[in-house]
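Hi there,

Have a look at it first, then read on.

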Protein chains: 2
Amino acid sequence: MLNFDMHLPTRIIFGKDTQKEIGSLIKPYTKKALLHYGGNSIKKSGLYNQVVSSLKENNIEFVELGGVVPNPRLSMAEEGAELCKKEGVDLILAVGGGSVIDSAKAIAIGACNDDIWKFYEEGGEIKAALPVATILTIPAAGSESSPHTVITNEEKQIKKGYGSNYLKPVISIVNPELFFTLPKNQIANGVADMMSHIFERYFTNTTDTDLTDGLCETTLKTIMKNALIVSQNPENYDAWCQVGFGGTIAHNDILGLGRAQDWACHDMEHELSAIYDIAHGAGLAILTPAWMQYVYKTNINMFVQFAVNVMGVEGSYRAPDAIVTEGISRLREFYKKMGLPATLTEIGIEESKFELMAKKATGEAYGKEHSIGGLKKLNWQDVQEIYKLAK
Amino acid sequence: MLNFDMHLPTRIIFGKDTQKEIGSLIKPYTKKALLHYGGNSIKKSGLYNQVVSSLKENNIEFVELGGVVPNPRLSMAEEGAELCKKEGVDLILAVGGGSVIDSAKAIAIGACNDDIWKFYEEGGEIKAALPVATILTIPAAGSESSPHTVITNEEKQIKKGYGSNYLKPVISIVNPELFFTLPKNQIANGVADMMSHIFERYFTNTTDTDLTDGLCETTLKTIMKNALIVSQNPENYDAWCQVGFGGTIAHNDILGLGRAQDWACHDMEHELSAIYDIAHGAGLAILTPAWMQYVYKTNINMFVQFAVNVMGVEGSYRAPDAIVTEGISRLREFYKKMGLPATLTEIGIEESKFELMAKKATGEAYGKEHSIGGLKKLNWQDVQEIYKLAK
């Protein structure tokens, strides 16, 4: 096991009616907030009014910026940062899913730094950001307690992630009742995303990781079991509790402590959703089994463990390839039951694009070639092969 | 599942050589620290010198208070609090196991409040405490990231716990290499304590808790598997990583989120170690199987789940009592392999004391009778029966 530094400062307020407490919860941090959200759904559902009432009851001034879209745009983050500076905003309250929260984090950077995109493009440490609080409406990205944000630069057609401890939200409200109205495809995309956050940490060459192995495996199994329930019965509160809490645990990094991590699937997926504007989760559901198929021989015992402990495969350990293949097959079957796409063709991405996508995913296209992935290091030719397996 | 409020602000720095960073890690919090520790073992091992060097390198002044004993005493906490006030100390650095850390927390209360014992005796909220940092030398109590502290009032012969968010350490160093020199009985006591922290959360009547059920079960299994390894090979770093990290996870409350908790075994055990000065873990190992035997019919399915998922019992679910009995028997067997005592008689506690102990555990002896336990509420007669089962 590797050394690690665990710091989970985000306070998670979980359960029924908790969104009504938002005003009193953020009051210690703010006099004037930016209320940031996506489309009209939070107005239709009544959530918007609940939030506004709670802010007013607690004498918290606020300005608004709505209209965040999936794969959130740099241009809106820049607009939000300007607004914060002009209005003297001291906290961003994100009400929405991962896109809204990621956009809020980009605004939080921009309000305290000159250039937002520079950090996504070049890395480097921010020295300050406004505090972010969240009310989660889609369990998926784990952004409600992670240090991460992903933004799309629409001019350059590049989707990039950035992370900093300054971007861990101070408070996040997770009320599974707010998930009851999600459409089936959004549930599926969210589940595929949170599962991938675990896979990226789980598949590792680091040895002697019993505890986090077990934590990853039980969280994956719980999410999968309960995802099938909420997909059929989206108003099942208790099943949503498991999925919702699972999505937070999946990405607050407890499950990845002391392990070398992978993240190749996320890197490969960003090329899909940056250009084609498909859902991140759908892209991950397509790529993950193909990635497993391509890399498993690098560490076959890790994949046998996955097949047995997570996918419940039984069989002869003298035929480990068969166990792994069955495990991958069951994972595909699960994604299919959730209604997720299985191939790049289905979502309209043609083979002629694969080479450029692979070169962009590995930086080759920008003259900054680097391998991606931890378990097996992948160059652009490897990535192209994986796209082909996912064709 | 119940609503919950999760807040884990303690930064855990885990792994090899991490204790050498203590000075730079606590520097943002302190100009003058109280270095608090137990006996001479940290001087013999060289840890004391490493800590002092790191403090000096970072120009952190410090005063010292050593000599904390197991089941730490109120009188020393009072002495420490006076010292902090006199010397203008602004942080307590606890170097030791749970006793030292619990004592440090009591000092942290006393440095900012008039009366320490009042809070342990009567509850009530503290409004301030000095920050506590820790270097853990015995994995057991989980005090390195919990809000809890347990102190013995030696005049009154009462052991009492207290908890507050102000008492969650700001930083804790967990380096499994520091555990290599622990004697076998101390390893066993620590393991029994951390297992009990999970049992107290795991055994519940709250339903629909798939995720935390699974997290509890895998953490228990990992601790038990690796505890047997370190008990035989106390210099096995990787096995210690699982036990050490497991002990932290066991008590930072992730495993108990959204669940009604029990804590009867801890309440019953405090009567043992307050008076007889036996190790807390040894007392828990004696009482836990007896408690299980006494209460399991209240929620037999919960105990079947324990026997099957944690203790690996297979058998006919049409004979659930047999499954539970086998699960409890395997737990006793595990404690025995670890070298822990199995009966109150073995540790010199006679049956004639049981009634008074039971009346003290339930407050009856002080005219403040209350039931203890969550899964099954126990009055003093119930507690007496459990002591008899543990005879």
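Let's begin where the two chains meet: across the interface of chain A and chain B there are 22 residue pairs in polar contact, both partners being at pLDDT 80 or more. Please keep in mind that this is a predicted model.

Which elements of chain A build its side of that interface? β1 (4-14), α8 (210-232) and α9 (237-251) of chain A each bring at least two residues to the side that touches chain B. The biggest share comes from β1(A), which gives the most, with 11 residues. Sorted by class, the residues on the side of chain A that touches chain B are 16 nonpolar, 15 polar and 7 charged.

How many residues does each chain put into the contact? Chain A provides 38 residues and chain B provides 38 residues. Together, chain A and chain B bury about 3400 Å² between them, and 59% of that area lies on carbon and sulfur atoms.

Between chain A and chain B the count is 4 salt bridges.

Next, a helix pair inside each chain. Two packed helices are described by the angle between their axes and the distance between the axes. In chain A, helix α10 (residues 264-276) packs against helix α15 (residues 380-389) at an angle of about 65°, and their axes are 11 Å apart. The crossing of α10(A) and α15(A) is right-handed. On the α10(A) side the contact is made by A:M268, A:E271 and A:L272, and on the α15(A) side by A:V383, A:I386 and A:Y387. By class, this contact of α10(A) with α15(A) has 5 nonpolar residues, no polar ones and 1 charged.

Now turn to chain B. There, helix α10 (residues 264-276) and helix α15 (residues 380-389) have axes that come within 11 Å and cross at roughly 65°. What is the handedness of the crossing of α10(B) and α15(B)? The crossing is right-handed. B:M268, B:E271 and B:L272 of α10(B) meet B:V383, B:I386 and B:Y387 of α15(B). The residues in this contact of α10(B) with α15(B) divide into 5 nonpolar, no polar and 1 charged.

Enjoy exploring it, and write back with any questions.

Best wishes

Methods. Residues are numbered from 1 along each chain as its sequence is written. Chains are lettered from A and ligands numbered from 1 in the order in which they are written. This is a predicted model: local features need pLDDT of at least 70, side-chain atom pairs count only at pLDDT 80 or more; totals for chains, interfaces and linings use all residues. Side-chain values use heavy atoms; hydrogens and water are left out. Axes are lines fitted to C-alpha atoms, for helices over the stretch in contact, and angles run from 0 to 180 degrees between N-to-C directions. Helices (H or I, at least four residues) and strands (E, at least two) are DSSP runs, numbered from the N terminus. A crossing is left-handed if the near helix is turned anticlockwise from the far one by less than a right angle, and right-handed if clockwise. Contact means heavy atoms within 4.5 Å. Ala, Val, Leu, Ile, Met, Phe, Trp, Tyr, Cys and Pro count as nonpolar, Asp, Glu, Lys and Arg as charged, and the others, Gly among them, as polar. Buried area is the accessible area (1.4 Å probe) that two parts lose on being put together, summed over both. A salt bridge is a side-chain nitrogen of Lys or Arg within 4 Å of a carboxyl oxygen of Asp or Glu. A polar contact is a pair of N or O atoms within 3.5 Å; within protein, one must be able to donate a hydrogen and the other to accept it, and residues adjacent in sequence count only if both atoms are side-chain atoms.
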